[in-house]
Amino acid sequence: MNSAMNSSARRAARWFAPALAAVLCACAVGPQVPSLRLEKVAREVPGAEPRWQQADAQAAGVRVWRAEREIRAGVGMQLQPGDVVETGPHVAAVIRYSASGTTVLDQNTRVRLGSIEVFFGRVFANVRGFFEASSDSVVAGVAGTRFLFEVRPDRSTRVAVADGVVTCNPREGTWGTVRLFPGQALQVSFPVRAQPRPVAADPSELREAADWAESVAAAPAEGWCCSGGRTVPGWSNRCAGNTFSTDRRVVEALCRPAPPPEPSGWCCADGRLTETRRSQCRGSFSDNLALARRTCAARYVPAPPIR
């Protein structure tokens, strides 16, 4: 009987040990952290064409804090949940969420990354999967949508939905859940004095926000194009498929016309006539075969006989 029990215990241990290891491993790994990246910084140049133009993050005044310490901002930099990002006047930024999509930060906006917490300013999110945007008074949960989220100077929050469904809940439980559908908006004061109600969004507001976010995301870089063998000033989206770079020297190096093909012909060397290229000829060269034969025959001097 003891032998049977020991056998059963061994079988259970063989099954339970791998299962326990898998559970412990899963607990150690935890949820996957989304990959975040500062994808683009654009500066607004009123009256210019294009109006939104790519800019250097440092020069444009984009600021990033990590663990309450400011770090150097740069386009393409990897960001982390908890980082705080701030834009200045006439400057916008695009944050790329690897698994979700993008969020465009308007000028004079500060956010904390995770999903996104807006301290002040305006963002336009174009996301897939579960995503949250929040403020002092509102937590907006979405699952694949485009929406505008704005925190105004009086700390009131405005949410307007272009596509999908956004579920708005109170940050501290003082009012009931509100679901917003495309074309609807919600205005929540701070502090909240009454149950907020959805209203019709201004269609022009949504169009303007979507167009603005698209312009920022597509903002071209100013630099140099190769056109007809010449290096000329241009924009990254207007080089007609030709070489572009922000570094003039790169374009100049790539834009130089290819040298003409080296001519081939006939070479007379040591009394022998061979077809080759001019640079490889160590004798008399001609691109005319008949002339090369006459020249080579005239120059041929037979070696003296060996006595």
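In what order do the 3 strands of the open sheet stand? The order is S21-S20-S22, with antiparallel pairing; two strands pair if DSSP finds at least two bridges between them, and strands (E, at least two residues) and helices (H or I, at least four) are DSSP runs numbered from the N terminus. Strands S21 (272-277) and S22 (284-286) are at the edges with a single partner strand each, so one side of each has no neighbour in the sheet. From one strand to the next, the twist averages 30°, an angle between N-to-C directions of lines fitted to C-alpha atoms, on a scale from 0 to 180 degrees. Strand S20 (residues 264-269) is joined to S22 by 3 bridges, and Trp266 has Ser286 in S22 as its bridge partner.

This is a predicted model, in which local features need pLDDT of at least 70, side-chain atom pairs count only at pLDDT 80 or more, and totals for chains, interfaces and linings use all residues. Residues are numbered from 1 along each chain as its sequence is written, and side-chain values use heavy atoms, without hydrogens and water.

The whole structure holds 4 disulfides, each a pair of cysteine sulfur atoms within 2.5 Å. Cys268 belongs to strand S20 and Cys296 to helix H5 (residues 289-299), 28 residues apart. Cys268 is buried at 8% relative accessible area, where buried means under 20% (1.4 Å probe, protein chains only), exposed over 50%, and partly exposed in between.
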